[in-house]
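Look at the sequence and the fold before reading on.

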Amino acid sequence: MYDPTESELASLNDWFTTYDALAAKGAVEEMADLAVFPMNLATDVDGGHAAVTQWSREQYVAAMTEVLGGGTGDMAMKSERTPHFLTANLAVVVTEATMTMGEETHRMTYADLLVRTADGWAFQSMIQGGWGADWPPAKRG
């Protein structure tokens, strides 16, 4: 079991601070600069099965532009992140988030795989339920 240093924890927290600030501004291209592509995605679809795919940078930018629009500035978002370092260079981060817009509040749990690159941390996989409405179910083999 890998025990991260305070510096490693701080560097991962700094990455999320930067990413959250970019999301608040709707700076999707800059958010994409913090990723490694192709990006792996896992979600679920109607009928109770998982769905997986890979996105190119262009697909990520298109999807996030649609989701974020002009940013999350008018939305109150609170995130509690729990990093699980597998090694000094691989971390799975589970996030419990609450988003409030007006009177409407949504809670969600999601996970990201972050990998350390020569340029610093980058996210490579996103795992979250509810994104796969039009995706085919995953198949083994």
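S125 has a relative accessible area of 10% and so counts as buried (buried: under 20% relative accessible area, exposed: over 50%, partly exposed in between; 1.4 Å probe, protein chains only). This is a predicted model: local features need pLDDT of at least 70, side-chain atom pairs count only at pLDDT 80 or more, and totals for chains, interfaces and linings use all residues. Residues are numbered from 1 along each chain as its sequence is written, and side-chain values use heavy atoms, without hydrogens and water.

**S125**
- S125 sits in strand 6, residues 120-128 (strands are DSSP runs of E, at least two residues, numbered from the N terminus).
- Its side chain makes a polar contact of 2.8 Å with the side chain of Q124 (N or O atoms within 3.5 Å, one able to donate a hydrogen and the other to accept it; residues adjacent in sequence count only if both atoms are side-chain atoms).
- Beyond four places in sequence, S125 contacts M39, N40, A111, D112 and L113 (contact: heavy atoms within 4.5 Å).

**T95**
- T95 belongs to strand 4, residues 90-101.
- T95 is buried because its relative accessibility is 0%.
- A polar contact of 3.4 Å links the side chains of T95 and R81.

**Strand pairing**
- Strand 3 (residues 76-85) and strand 4 run antiparallel, joined by 10 bridges (pairing needs at least two DSSP bridges).
- S79 has A97 as its bridge partner in strand 4.
- Strand 4 and strand 5 (residues 104-117) are antiparallel too, with 12 bridges.
- E96 stands opposite T109 in strand 5.

Conventions
Helices (H or I, at least four residues) and strands (E, at least two) are DSSP runs, numbered from the N terminus.
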